[in-house]
Amino acid sequence: MGRQLTCFLSVLAGFFLPGVVFGLDLPKDLGKETAECVRCHREHTPGVVADWAKSRHAWTRPEAAYEKSPSTRRLSAEKPPEAFKGKVVGCFECHGQNPDSHTDTFDHLGYRVHVVVTPKDCETCHPVEAGEFARSRKAFGYENLAKNPLNSRLADTLAGTPAWAGGRLVTGTATEEAKAQACGGCHGAPVTVTGTGRTRTAMGEVEFAQLANWPNQGVGRLNPDGSRGACSACHSRHAFAIEDARHPETCARCHRGGHSPADEAYQTSAHGALYRAREPEFDWGNVPWVLGQDFTVPTCAACHASQIVNERGAPLARRTHDYGARLWVRLAGAPYSHPSPARGETHNLRNAEGQPWPTGLDGTPVAQGLLAAGEQEDRKDALLTLCAACHGGPLPWGQFEALERVNRETDAGVRAATDGVREGWKRGAATPENLFDEPLERLWVEVWFLDAAALRYAAAMGGAPGSGLGRGLRALEKELGTPAPAAAR
Amino acid sequence: MGRQLTCFLSVLAGFFLPGVVFGLDLPKDLGKETAECVRCHREHTPGVVADWAKSRHAWTRPEAAYEKSPSTRRLSAEKPPEAFKGKVVGCFECHGQNPDSHTDTFDHLGYRVHVVVTPKDCETCHPVEAGEFARSRKAFGYENLAKNPLNSRLADTLAGTPAWAGGRLVTGTATEEAKAQACGGCHGAPVTVTGTGRTRTAMGEVEFAQLANWPNQGVGRLNPDGSRGACSACHSRHAFAIEDARHPETCARCHRGGHSPADEAYQTSAHGALYRAREPEFDWGNVPWVLGQDFTVPTCAACHASQIVNERGAPLARRTHDYGARLWVRLAGAPYSHPSPARGETHNLRNAEGQPWPTGLDGTPVAQGLLAAGEQEDRKDALLTLCAACHGGPLPWGQFEALERVNRETDAGVRAATDGVREGWKRGAATPENLFDEPLERLWVEVWFLDAAALRYAAAMGGAPGSGLGRGLRALEKELGTPAPAAAR
Amino acid sequence: MGRQLTCFLSVLAGFFLPGVVFGLDLPKDLGKETAECVRCHREHTPGVVADWAKSRHAWTRPEAAYEKSPSTRRLSAEKPPEAFKGKVVGCFECHGQNPDSHTDTFDHLGYRVHVVVTPKDCETCHPVEAGEFARSRKAFGYENLAKNPLNSRLADTLAGTPAWAGGRLVTGTATEEAKAQACGGCHGAPVTVTGTGRTRTAMGEVEFAQLANWPNQGVGRLNPDGSRGACSACHSRHAFAIEDARHPETCARCHRGGHSPADEAYQTSAHGALYRAREPEFDWGNVPWVLGQDFTVPTCAACHASQIVNERGAPLARRTHDYGARLWVRLAGAPYSHPSPARGETHNLRNAEGQPWPTGLDGTPVAQGLLAAGEQEDRKDALLTLCAACHGGPLPWGQFEALERVNRETDAGVRAATDGVREGWKRGAATPENLFDEPLERLWVEVWFLDAAALRYAAAMGGAPGSGLGRGLRALEKELGTPAPAAAR
């Protein structure tokens, strides 16, 4: 191939390029397969190798981590995995693991490797984290959408591109590909093997497992080995750095705008502004994360996930990879605020009307599957320990109460919008078959899915409140038209 | 209490947590009360203590500042306050000041302390800054809203959640709590004492003064000692760092989106882009701030507040804590652009129609209370000195003229929108009783409150112009409906 | 002048200001004219001098660059320009170049200088870059708008402020000044000489060439020397730093929101999030830019412009100042996605209906002037080399296919919207004379100009998809009203 020749020549040219200092430090303790991976991939995917070569994985033999105390150790397996003894964690340690359970395993120049490294692979060294994640709502990001007929209908309606037929627009069901693109970037999509085949690469055509919905790093991805989730959603390949995951921009990829406007709230909060002013002074990688020493204002990770201690090492929060574990109330994703779901799976909740939602259309929480009042209080107390580290006395309670008040007020606003839609159904201005598609209903969706969520997130984090519910409610009223005379109601 | 035992045990655990380097440097010159505060709070609010322990307050005895020249000194009192002699500024120096004027003073384990530290407390060392602030529009952020019946009506209409009654939505007056949340985060809210009571904390129940509308750091907050404002709106607790206040994200908390889209204009300006590219090289803390040495592109503070000198120390701008003091024209907060108000209080302005606004509904400025033409020119000349440090010759004038042109054009657009609303009142499509609530009027509010403000800010700072007025005006025209026949007009 | 005295006194004061360390390092090899410029301007425009004094221009004699290898050299002239021999590049080297071709040349205290430094001036040392830029779409940013009657009509409609006449709004043609402000900040505007005159400066009144539309740094600016473009759009004055241009915020000034929402896509992509987490570790100035060593995630420049090599110096991408040169498909600026234009000038394209657009209203690409299929594949292969450096195997192809799918789907959506508008023309709900002004047409503009662009950019970069086309299409359907009975269609 001409391309291969070009490649070879440019490599050669590279060796002699004067005036540039090159060089990549590589660890010595490479597994023999990984050493061979690196020898080729250093040329062919240099960015991957360089990213990994700067990582902790590249420079740490898992057994070395066990010389550290449990709270500072970054592995949670009870003992170092036998298979990795004497080696750092390199290409083959991950891409060559559990080959039989991976339907995407293929023969790559004599090695059985798979493309999609999954939480099941990471679990070998990080079982506590993988387990917490597996039980969290994040792991069900795709299924809580796809297996919930109501949420799925909403996704179809929002992601489907209407077509013109008979003088009016007709919304069909959105294609799986459209949803994988529009929803799947965050929620995840099923990555499945479609066969093997040759792919054009910079070094000619090479045989690979061929995958549908790839690339996808959505947090609730369904993997070719049957597992759920993508650790790489937050711990980006191939550095897998805690530093990356602790930055709020990592979370903001999915929690910005639309129905999860957490980043807008954070950025307009004191926490968000101070993060920007002070981030260069932070130690982003220390474990545990020492409040007041490593960082002085919280990022998303500090409040929702990280192991935090004070300057003497006393624990303020234990690490969790269930990102909802410190929360007692859920602010978005359903019309009304409601107690946090007790489990990661929510598509099996049923409200009084039999709908798969955590509350009824009137806001009444489901009887089963949400946290009980006592459990909510326990979580509030746990978060209080963290808040109170920087905000003494009644302040955190004032903040919690402000959130509750805003939840009550936005819930009342959503109830008003819902009453408007019900009135529209009565008058024939819309039909309740699909709750989301007609103009009146689309305005209702905006009120709870977007505007109420923005208000609640802002109240939770002390950020700017967005534009409020008034605008959407007024538009809904207008869409509903002149009220029927009093007698008719 | 079980909680206290847990706390004690975790402290103990902390001392022995191996593998983590802990330790907080503490100053020696602590006042005796502060020393006692720190001894406990180091455990119970470690974030507060750590944040403060890194601050200038913690390491500077006020009298030491008087060894520096006035222009590099960070205190403006004529001489060091006697009461602080020999001590750095710690917990009790602020929270124990002026106990009798604070209605939130309470007994805390034998000490009389108050929760809400106010500009009156900061004034002891920073009287010039406190005085400038007290006369600025910022200090009246709450009152210019609450005591202005027109602005107050607007806030009620925007922040109130309509309810459904008799087949239509009814907007009531927004609750004080809703406004404290929606408007008060920036404008401030009245923080009042509701009594004393015990609050659950990480160390058990403790007695505190109990406050309404707390937490609140809005810039025009009404304080329990009768003073106005919150220095902590920009100088965040407990570092109170000039570095924080000079970062544009601090300002952007309130001046982003909605009716004050300054951050959007800044970010899309050359200044904003270069700030992001160069910020790691800046010296964020030097006083005075040396243009070209400490920083090479302005943040909000550079143009609006900071003391700026050139590389030889020649003054380019004197420090001001009246953030409008370098501006001659006001771009937002009222339908039309208008000369800057002469005083911080604006709720007592009256236009020709008797409304408490700086211009009439036709755009005519009020006769009293705004800067005269000569005063406007003086401010333009003062700002010119700063602009001209980086932009020679006619360039700043071109920029000023572009702003004036956009002000004229947006004022014309607002006049067109206002004419549309007047026409609607004539036709009975809306009633002028509440200027803001009906659909036609809400569109008018969008035109001036949001879209015109975005265009003017963009012109002032050389940023992207937003979506323009056309969209809102067209919507307003549509809402108004088919024009009455020519004869009827 | 009193002002001059003040200035003198403040300079004097500066010399004696105690407690501040001042001082600006200045290079020795200044041209004699530049030395004289600096002597005065150090006082009068200190920010300009300081910014330049930290730059490579200030410390590099062009001939010294020729001791470096071509790939690390930052000049592209075959040999060092004779005129600059022995001198660094200072004020007069740029502002004194080509005086006769600059209509803005004027006498400044005995020196013939011009205000607006243009790509023709920069070309002396950087001819390859200037040439690539001159042939790119960026250089035609103004003309592709102003000389294209359709785009120009769109700009008039969007930027014009409607006036109220005869009971309805009338959109006139936007003034040139309004367009220079609203569109020209990014697209550029014609900067023309209106005469010479005295301008008030911090040092009194001084004679200058007087310019219309100044300041303007829009990328397609028409210059007083007849050239096109502004290098300073990305390489900001007076540092002209590659570091600035490589930061994504520089690009985001124009490519954020509205019809070019690239920054939104980037920020919600893995690339954008990791950039924010890792930027402090990057070497922003190295040439060539070493992937994996200098940077580990791409900014805009990395994918679209920079010379990139791997750690051994092997080229991954050659530098280009035609920012579209690595792209095969154009996503925005016209209703449908289409093959990249073959040249920078696009206002002379004609679709089958004779309209100056790259596709017909049904989406069919023009026969002449766009890349042929083979040329598109070549560009895809070239970009693949870069993508594949970090993303091996089928991943880049999966990404390319996802983009193609979204292009097809959004094109179908735009076709549906266009059918709706055509239907409206048939029914008399709007007239096709101006394609953009009536309510129905404005909604159509939103669908393709804003919403479809957001979806396509997101798909291209792996970012969040925005709000989709459904909302706009529904609004358009509603605006169109009840469909005519089937028989009438």
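Colleague: What should I know about the numbering and the cut-offs before I start?

Modeller: Residues are numbered from 1 along each chain as its sequence is written, while chains are lettered from A and ligands numbered from 1 in the order in which they are written. The model is predicted, so local features need pLDDT of at least 70, side-chain atom pairs count only at pLDDT 80 or more, and totals for chains, interfaces and linings use all residues; side-chain values use heavy atoms, with hydrogens and water left out.

Colleague: How many residues of chain A are in contact with chain C?

Modeller: Contact means heavy atoms within 4.5 Å. By that rule, 64 residues of chain A are in contact with 65 residues of chain C. Only 2% of the interface residues of chain A are also interface residues in chain C, so the copies meet through different surfaces.

Colleague: How much area do chain A and chain C bury between them?

Modeller: Buried area is the accessible area (1.4 Å probe) that two parts lose on being put together, summed over both. For chain A and chain C this is about 5,500 Å², with 55% of it on carbon and sulfur atoms. Trp164(A), Arg200(A) and Arg253(A) supply 13% of the area that chain A buries against chain C, more than any other three residues.

Colleague: How many salt bridges are there between chain A and chain C?

Modeller: The count is ten, a salt bridge being a side-chain nitrogen of Lys or Arg within 4 Å of a carboxyl oxygen of Asp or Glu. One of them joins the side chains of Lys478(C) and Glu479(A), at 3.1 Å from N to O. On the side of chain A that touches chain C, 26 residues are nonpolar, 19 polar and 19 charged (Ala, Val, Leu, Ile, Met, Phe, Trp, Tyr, Cys and Pro count as nonpolar, Asp, Glu, Lys and Arg as charged, and the others, Gly among them, as polar).

Colleague: What does chain B bury against chain C?

Modeller: Chain B and chain C bury about 5,500 Å² between them, 55% of it on carbon and sulfur atoms. In chain B, Glu311(B), Arg312(B) and Arg474(B) lose the most area to chain C, together 15% of what that side buries. Ten salt bridges are counted between chain B and chain C, including Asp244(C) with Arg278(B), where the closest N and O atoms are 2.6 Å apart.

Colleague: How many disulfides are there over all chains?

Modeller: A disulfide is a covalent bond between the sulfur atoms of two cysteines. The count is three over all chains, taking pairs of cysteine sulfur atoms within 2.5 Å. One of them joins Cys186(A) to Cys254(A), with 2.2 Å from S to S. The link of Cys186(A) and Cys254(A) is left-handed, with -100 degrees about the S-S bond.
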